[in-house]
Amino acid sequence: MRHFSPSDYRTMPWKNGGGATMELYVSGEPDMDFDWRVSIATVDRDGPFSRFPGYDRHIMTISGEGMSLEGGPDGPIDVYPVFVPRRFSGDWTITGRLRGESARDFNLIVRRDKFRSELDCVLMTEAQTQSAGAGWIFYYVVSGAVKLDDNCVMADEALLMEPGETGLMVALDGPARLVCCRLNSLPAS
């Protein structure tokens, strides 16, 4: 298990130059050939999203009033209310339209030819055994704190479980809200 705190994160410019994102973790090459990446962005104006051809994108508002993503083939994608994940193709030309003054969103970007992925948000209130199985689980603590084996993970910190790892997760001092990213490798073709 790998534990990350804000001092481990790095601020990266958006690919389209329109802002910056706080990169929590990247698997593979940090440039365009990465396998998967988790980040948090603060969006304070309407504008285009960076394109990531060949990648699936997951997005979820974690604070603010969210936004609508325009440009998908099935119409706008509403990225609100908070803690409700959405998914779209990195191939699409998307424009974000804020519902309020700003939004803070959690992002998971994954190479679709290599991984199957899920983004979820959970409120942990009781102890649960966690298992990465054959894949990876990336947890980001939005609020509260959890303990996973010997790792105490506070708000704004993260934890990566790698293939084969298991542990007992317990919320500390009340409920904890966690973003959970699950990734599994696709079979080689």
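This is a predicted model: local features need pLDDT of at least 70, side-chain atom pairs count only at pLDDT 80 or more; totals for chains, interfaces and linings use all residues.
Local features were considered at pLDDT of at least 70 and side-chain atom pairs only at pLDDT 80 or more, whereas totals for chains, interfaces and linings use all residues. Residues are numbered from 1 along each chain as its sequence is written, and side-chain values use heavy atoms, with hydrogens and water left out.

The chain contains 19 strands and 0 helices, both assigned as DSSP runs numbered from the N terminus (helices, H or I, at least four residues; strands, E, at least two). Its radius of gyration, taken over C-alpha atoms, is 16 Å, close to the 16 Å that the globule rule gives for 189 residues, so the chain is as compact as a globular protein of that length. The rule itself is 2.2 Å times the number of residues to the power 0.38. Along the principal axes, the C-alpha trace spans about 45 × 45 × 30 Å.

Of the 189 residues, 44% count as buried (under 20% relative accessible area, with exposed over 50% and partly exposed in between; 1.4 Å probe, protein chains only). Among contacts (heavy atoms within 4.5 Å) with a separation of 6 or more, 68% involve residues 24 or more positions apart. The accessible surface, computed by the Shrake-Rupley method with a 1.4 Å probe, amounts to about 9100 Å², and carbon and sulfur atoms contribute 47% of it. Side chains comprise 19 positive and 27 negative groups, with the centres of the two sets 4 Å apart; Lys and Arg count as positive and Asp and Glu as negative, while His and the chain ends are not counted.

A search of the whole structure returned 0 disulfides, defined as pairs of cysteine sulfur atoms within 2.5 Å. For Cys 121, the closest cysteine sulfur, in Cys 180, lies 9.4 Å away, too far for a bond. Cys 181 is likewise in no disulfide, the nearest cysteine sulfur being that of Cys 180 at 6.8 Å. Cys 121 is buried at 12% relative accessible area, and Cys 181 is buried at 0%.

Ser 7 occupies the loop between strand E1 (2-4) and strand E2 (10-13) and is exposed, with a relative accessible area of 67%. Its C-alpha lies 29 Å from that of Arg 116, 109 residues away in sequence. Thr 42, by contrast, belongs to strand E4 (residues 34-43) and is partly exposed at 49%. Beyond neighbours within four places in sequence, Thr 42 contacts Trp 14, Ala 103 and Arg 104.

Key: The place of a charge is taken as NZ of Lys, CZ of Arg, CG of Asp or CD of Glu.
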